[in-house]
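Open the model in your viewer and keep the selection panel at hand. The stops below say what to select and what is there.

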Amino acid sequence: MKKIVVADTYEGKPVTEIYVNAFKGNIQLTHVTLPKSIEIIGSGAFENCVSLSSVTFSGVTEIPDAFMGCTSLKKIDLTSVKTVGSEAFSGCSSLTEVVGIEGVEDFSYGVFAGIGIPFENGVRYIGKFAVD
C-alpha cells in the first residue's frame, strides 16, 4: 500500500472522517489524497507513517495530532484548516513548506515542535511551544 485515494462515497454514503489511528505506523504509505467530503481526521490517523511524503485534502477544517512523526512529509496545504491541534506535525523533520498557514486561526501546543515553521499574521492563538 503506497498510495491511497479515499473515495468521497462508500456504498452510497458520504465519507466524512478518517478514523482515530486508521493508518498509524504504516511504513509503506507514501501518498494520501482525501476528498473534499472529509471533514475530520482522527487523532493519530497518520502518526509515524515514516514514508508519507504527500497529503492532499481540501475539506478538513481541524487537524488534531494526526501527523506526528511523519518524518518524510515535505509539504502540507492548510488552506481549508482553521485549527491545528497539539503536536499535529511534531517530529515531521522533512516538513519545509506549509501552504495556507495564513488562514489558520488557532495553533495548539507543539504543532511544529522541532521544525521551526514561521507563523503568519492573522493567527488568533499560538500555543506554548508551538515551534520549539
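Start with Asn 21, which sits in the loop between β4 (17-18) and β5 (31-33). The model is a predicted one. Check the backbone torsions here: Asn 21 is not a glycine, yet its phi is positive, about 60°. With a relative accessibility of 37%, Asn 21 counts as partly exposed.

Next, select Asn 48, in the loop between β6 and β7. Asn 48 also has a positive phi of about 60° without being a glycine. Its relative accessible area is 36%, so Asn 48 is partly exposed.

Stay in that loop and move to Phe 46. The loop between β6 (40-41) and β7 (54-56) holds Phe 46, while Phe 67 lies in the loop between β8 (62-63) and β9 (75-77). Show what surrounds Phe 46: leaving aside residues up to four places away in sequence, Phe 46 touches Ile 18, Phe 23, Leu 29, Val 32, Ile 41, Leu 52, Ala 66, Phe 67 and Cys 70.

Now turn to the rings. How many aromatic pairs does the structure hold? There are five aromatic pairs in the structure. One of them joins Phe 46 and Phe 67, which are stacked at 5.3 Å centre to centre with 5° between the planes. Because these two residues lie in separate loops, the pair ties together parts that are 21 residues apart in sequence. Both Phe 46 and Phe 67 are buried.

Phe 67 and Phe 89 form a stacked aromatic pair, with 5.4 Å from centre to centre and 5° between the planes. This pair links distant parts of the chain, 22 residues apart: Phe 67 is in the loop between β8 and β9, and Phe 89 is in the loop between β10 and β11. Relative accessibility is 0% for Phe 67, which counts as buried. Phe 89 is likewise buried, at 0% relative accessibility.

Then consider the nonpolar packing. Which residues have the most contacts inside the largest nonpolar core? They are Phe 46, Ile 63, Phe 67 and Phe 89, in a core of 37 residues.

A disulfide requires the two sulfur atoms to be within 2.5 Å. A search of the whole structure finds zero disulfides.

For the last stop, select Ser 93. Is Ser 93 buried or exposed? Ser 93 is exposed, at a relative accessible area of 57%. Its place is in the loop between β10 (83-84) and β11 (97-99). Finally, draw a C-alpha to C-alpha distance from Ser 93 to Ala 113: the two are 9.3 Å apart in space and 20 residues apart in sequence.

How values were computed. Residues numbered from 1 in each chain as written. Predicted model: local features only at pLDDT ≥ 70, side-chain atom pairs only at ≥ 80, totals over all residues. Heavy atoms only, no water. Helix = DSSP H or I, 4+ residues; strand = E, 2+ residues; numbered from the N terminus. Buried < 20%, exposed > 50% of the residue type's maximum accessible area, 1.4 Å probe, protein only. Phe/Tyr/Trp six-rings, centres within 6.5 Å; stacked < 30°, edge-to-face > 60°. Core = buried A, V, L, I, M, F, W, Y, C linked by side-chain atoms within 4.5 Å. Contact = heavy atoms within 4.5 Å.
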